[in-house]
Amino acid sequence: MFEKAKKSGTELLGKTNRIVEGTSIIGDIVSKADFRLDGELIGNFTSQGKLVIGPSGIVKGEIICHNADIEGEFQGKLKVLEILNIKATAHIHGEVLVGKLSIEPGAEFTATCSMLANTKEVTLKDGKGAEQKQKE
């Protein structure tokens, strides 16, 4: 009678999850929605939305997402299917695979960089370790 309808992935887009400054997470994060990280993540991050790493944010691990803005530190493997914006305060070390790239003057970018072919496919882990492929 009063059943709530399940939200589809498109209804979640535009809503933002946050990890605030002073918070550290060791493990993996999987999200269908946008995400802002001002704390620290040691592990992997996968999202169908946009990731923003704030000026105090630190990520060590692997990131797979559609779009990203980085103002803080990243070390590891970064795969952005669409647009990666690297701000002047950012420090990037590792391997970068990207659809389109924007780097502001002053950013530290010490990484190998490869441009992706036109693809909109991302592999998500469902929290149980199983992989699901999503296409738009």
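This briefing covers the make-up of one protein model and a set of its side-chain interactions. The model is predicted, and the protein in it has one helix and 14 strands. Of its 136 residues, 32% are buried. The structure holds four salt bridges and one aromatic pair, and several of these interactions are described below together with the accessibility of the residues that take part.

**Overall make-up**

**The salt-bridge network around Asp-38**

- Arg-18, Arg-36 and Asp-38 are linked in a network of salt bridges, in which Asp-38 is bridged to Arg-18 and also to Arg-36.
- In the salt bridge between Arg-18 and Asp-38, the closest N and O atoms are 3.2 Å apart. This pair links distant parts of the chain, given that Arg-18 belongs to strand E1 (residues 16-19) while Asp-38 sits in the loop between strand E4 (34-37) and strand E5 (40-42), 20 residues apart.
- In the salt bridge between Asp-38 and Arg-36, the closest N and O atoms are 2.9 Å apart.

- Lys-50 forms a salt bridge with Asp-69, and the closest N and O atoms of the two are 3.1 Å apart. Here too the pair links distant parts of the chain, with Lys-50 in strand E7 (residues 50-53) and Asp-69 in strand E9 (residues 67-70), 19 residues apart.
- Lys-50 is partly exposed, at a relative accessible area of 30%, whereas Asp-69, at 12% relative accessibility, counts as buried.

**Asn-67 and its surroundings**

- Asn-67 is placed in strand E9, the strand that also holds Asp-69.
- The side chains of Asn-67 and Glu-82 are joined by a polar contact of 3.3 Å.
- When residues up to four places away in sequence are not counted, Asn-67 touches Gly-49, Lys-50, Leu-51, Val-80, Glu-82 and Ile-83. Lys-50, one of these residues, is the salt-bridge partner of Asp-69, and Glu-82 is the residue whose side chain makes the polar contact with that of Asn-67.

**The aromatic pair**

- Phe-35 and Phe-45 form an aromatic pair with an edge-to-face arrangement, at 5.1 Å centre to centre and with 65° between the planes. The arrangement is classed in this way because an angle over 60 degrees counts as edge-to-face.
- Phe-35 lies in strand E4 and Phe-45 in strand E6 (residues 45-47), so the pair ties together parts of the chain that are 10 residues apart in sequence.
- Phe-35 is buried, with a relative accessible area of 6%, and Phe-45 is likewise buried, with a relative accessible area of 2%.

Key. Residues numbered from 1 in each chain as written. Predicted model: local features only at pLDDT ≥ 70, side-chain atom pairs only at ≥ 80, totals over all residues. Heavy atoms only, no water. Helix = DSSP H or I, 4+ residues; strand = E, 2+ residues; numbered from the N terminus. Buried < 20%, exposed > 50% of the residue type's maximum accessible area, 1.4 Å probe, protein only. Salt bridge = Lys/Arg side-chain N within 4 Å of Asp/Glu carboxyl O. Polar contact = N/O pair within 3.5 Å; in protein donor to acceptor, adjacent residues only side chain to side chain. Contact = heavy atoms within 4.5 Å. Phe/Tyr/Trp six-rings, centres within 6.5 Å; stacked < 30°, edge-to-face > 60°.
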